[in-house]
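Subject: The structure I promised you

Hi there,

Here is the structure we talked about, ready for you to open. Could you have a look at it with my notes beside you?

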Amino acid sequence: MKNFLVYRKIDQITITAGMTAYAQTLDIAISKPFTDHLRIELNDYIENRMERNYHGNFMKPSLKDIVNLVKNSWPKITYNCVIHALRLCYVVRK
């Protein structure tokens, strides 16, 4: 793996103990809220709009429905949320 990284000119770093929270702040500050909003959209879809087949079982959602779930969830991640995440990981000055 090290040779592969060198060949691709990818720097490898080691995250020391206790620093994971700083290295994964984008996961915490952006991915988590987005996933939470997506879960709310999905639950609403399942409860109110998901179709059933003639046996009464749920049918697989269409690609359009899935894209709309993501499309409705993404705008809820605000500019301030992104700035907060970048400040947490020291990418943007306070």
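Below are my notes on its contacts and its surface.

First, some housekeeping. This is a predicted model, in which local features need pLDDT of at least 70 and side-chain atom pairs count only at pLDDT 80 or more, while totals for chains, interfaces and linings use all residues. Residues are numbered from 1 along each chain as its sequence is written, and side-chain values use heavy atoms, with hydrogens and water left out.

Let me begin with the salt bridges, of which the structure holds four. A salt bridge here is a side-chain nitrogen of Lys or Arg within 4 Å of a carboxyl oxygen of Asp or Glu. Lys32, Asp36 and Arg39 are linked in a network of them. Aspartate 36 bridges to lysine 32 with the closest N and O atoms 2.9 Å apart, and arginine 39 bridges to aspartate 36 at 3.4 Å. Aspartate 36 and lysine 32 both lie in helix H3, four residues apart, about one turn of the helix. (Helices are DSSP runs of H or I with at least four residues, strands are runs of E with at least two, and both are numbered from the N terminus.) Arginine 39 and aspartate 36 are also separated by about one helical turn, because they are three residues apart in helix H3.

How accessible are these residues? Buried means under 20% relative accessible area, exposed means over 50%, and partly exposed lies in between, with a 1.4 Å probe and protein chains only. Aspartate 36 is partly exposed at 26%, lysine 32 is partly exposed at 47%, and arginine 39 is partly exposed at 46%.

Another of the salt bridges joins aspartate 44 and arginine 49, with the closest N and O atoms 3.1 Å apart. Aspartate 44 has 33% relative accessibility, so it counts as partly exposed, and arginine 49 is partly exposed at 42%.

Now for the rings. The structure holds one aromatic pair. Phenylalanine 34 and tryptophan 74 make an edge-to-face pair, 5.4 Å centre to centre with 70 degrees between the planes. Phenylalanine 34 lies in helix H3 (residues 25-48) and tryptophan 74 in the loop between H4 and helix H5 (79-88), so the pair ties together parts that are 40 residues apart in sequence. For the cut-offs, rings of Phe, Tyr and Trp (its six-membered ring) pair if their centres lie within 6.5 Å; planes under 30 degrees apart are stacked, over 60 edge-to-face, and the rest tilted. Phenylalanine 34 is buried at 17% relative accessibility, whereas tryptophan 74 is partly exposed at 48%.

Serine 73 is found in helix H4 and is buried, with a relative accessible area of 0%. Its side chain reaches the backbone nitrogen of leucine 38 at 3.4 Å.

Finally, the surface. Leu63, Ile66, Val67 and Val70 make a nonpolar patch of about 350 Å². Patches are made of residues with over 30% relative accessible area and no salt bridge; like charges are joined within 9 Å, and nonpolar side chains (Val, Leu, Ile, Met, Phe, Trp, Tyr) within 5 Å. The areas come from the Shrake-Rupley method with a 1.4 Å probe, and for residues only the protein chains shown count as cover. Leucine 63 lies in helix H4 (residues 63-73) and counts as exposed at 66% relative accessibility.

Conventions
A polar contact is a pair of N or O atoms within 3.5 Å; within protein, one must be able to donate a hydrogen and the other to accept it, and residues adjacent in sequence count only if both atoms are side-chain atoms.
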